[in-house]
Amino acid sequence: MDPPHPPLQTYYADAPSRSGWVRDLFNRTAGDYDRVERAMAFGTGSWYRRRALLQAGLSAGMTVVDVGVGTGLVAREAAAIVGNPACVIGVDPSPGMVANARVPSGVRLIPGSAEHLPVPSASVDFVSMGFALRHVDDLATAFSEFYRVLKPGGRLCVLEITRPRSGWARALLKLYLRRVVPWVAARLASHRDTPELLRYHYDTIEACAA
Ligand SMILES: C[S@@+](CC[C@H](N)C(=O)[O-])C[C@H]1O[C@@H](n2cnc3c(N)ncnc32)[C@H](O)[C@@H]1O
């Protein structure tokens, strides 16, 4: 096993408990996700997701698998770029997130995970993953799945937040993501566990290898 970070025992007991705990947390708080994401990113989320996809080479007519599709923030941008929603498949292990997804009609949403992509080998031009790599159980398996489903010459676009190198930038990021964002979330959210999702979000960034 090659997890992105060691178990975070403030939240769950051990490595095997992690994926179930993460899925339940996303299920419970899914209804708040888009509202809190908009506030946290000052409404720039669609813009920078689209920009990342374009920079990674996504273009009209390509077929896409968006892994960790959640409420569809990356898949929506991908569908607009490729020009045909039927060319986009979203995969996610959380039924709650998928139930709250707002994607154009034609995008297919399928239960699954990065480690077990329910997609045939060498079948897509592009794999995207937005802010879900920190949640996989095994990085090596996830990347070998990305490689398996891509056609030869296909592209991979992984969006993630990494720990800043400078101490000042790290302290500022921590203040914002660990204190300000959960405080704001507690005021905007309808579920009481949403601030915990946001604290967990920062703690995984701090604990990650990269
Ligand atoms: C922070 S949300 C990101 C949603 C969306 N991609 C975005 O850009 O906003 C992380 C998503 O990853 C999903 N996830 C958790 N574990 C996963 C895994 N092993 N493989 C794929 N997705 C996973 C969660 O259910 C959740 O929907």
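1. **A term to start with.** A helix here is a DSSP run of H or I with at least four residues, and helices are numbered from the N terminus. The model itself is predicted.

2. **Overall make-up.** The chain holds 8 helices and 5 strands. Read from the N terminus, the order is α-α-α-β-α-β-α-β-β-α-β-α-α. The radius of gyration is 17 Å, close to the 17 Å that the globule rule gives for 210 residues, so the chain is as compact as a globular protein of that length. Along the principal axes, the C-alpha atoms fill a box of roughly 40 × 35 × 35 Å.

3. **Inside and contacts.** How much of the chain is buried? Buried residues make up 47% of the 210 residues.

4. **Surface and charge.** The chain exposes about 10300 Å². Carbon and sulfur atoms supply 58% of that area. There are 24 positive and 19 negative side chains. The centres of these two sets lie 7 Å apart.

5. **Helix α3.** This helix covers residues 45-55. Its buried residues are G45, R49, A52 and L53. Seen down the axis of α3, they fall within an arc of 100°, so they line one face of the helix. What lies on the other side of α3? W47 and Q55 are there, and both are exposed. The buried residues of α3 pack against two helices, α2 (33-40) and α4 (73-82). They also pack against the strands β4 and β5.

6. **Helix α6.** Which residues of α6 are buried? In this helix, residues 139-149, they are L139, A142, E145, F146 and V149. They cover an arc of only 125° around the axis, which puts them on the same side of α6. Their packing partners are three strands: β1 (64-67), β4 (124-130) and β5 (150-159).

Methods:
Residues numbered from 1 in each chain as written. Predicted model: local features only at pLDDT ≥ 70, side-chain atom pairs only at ≥ 80, totals over all residues. Heavy atoms only, no water. Rg over C-alpha atoms; globule rule 2.2 N^0.38 Å. Buried < 20%, exposed > 50% of the residue type's maximum accessible area, 1.4 Å probe, protein only. Areas by Shrake-Rupley, 256 points an atom, 1.4 Å probe, with all protein chains shown as cover. Lys, Arg positive; Asp, Glu negative; His and termini not counted. Charge placed at Lys NZ, Arg CZ, Asp CG, Glu CD. Arc of directions from axis to C-beta. Contact = heavy atoms within 4.5 Å.
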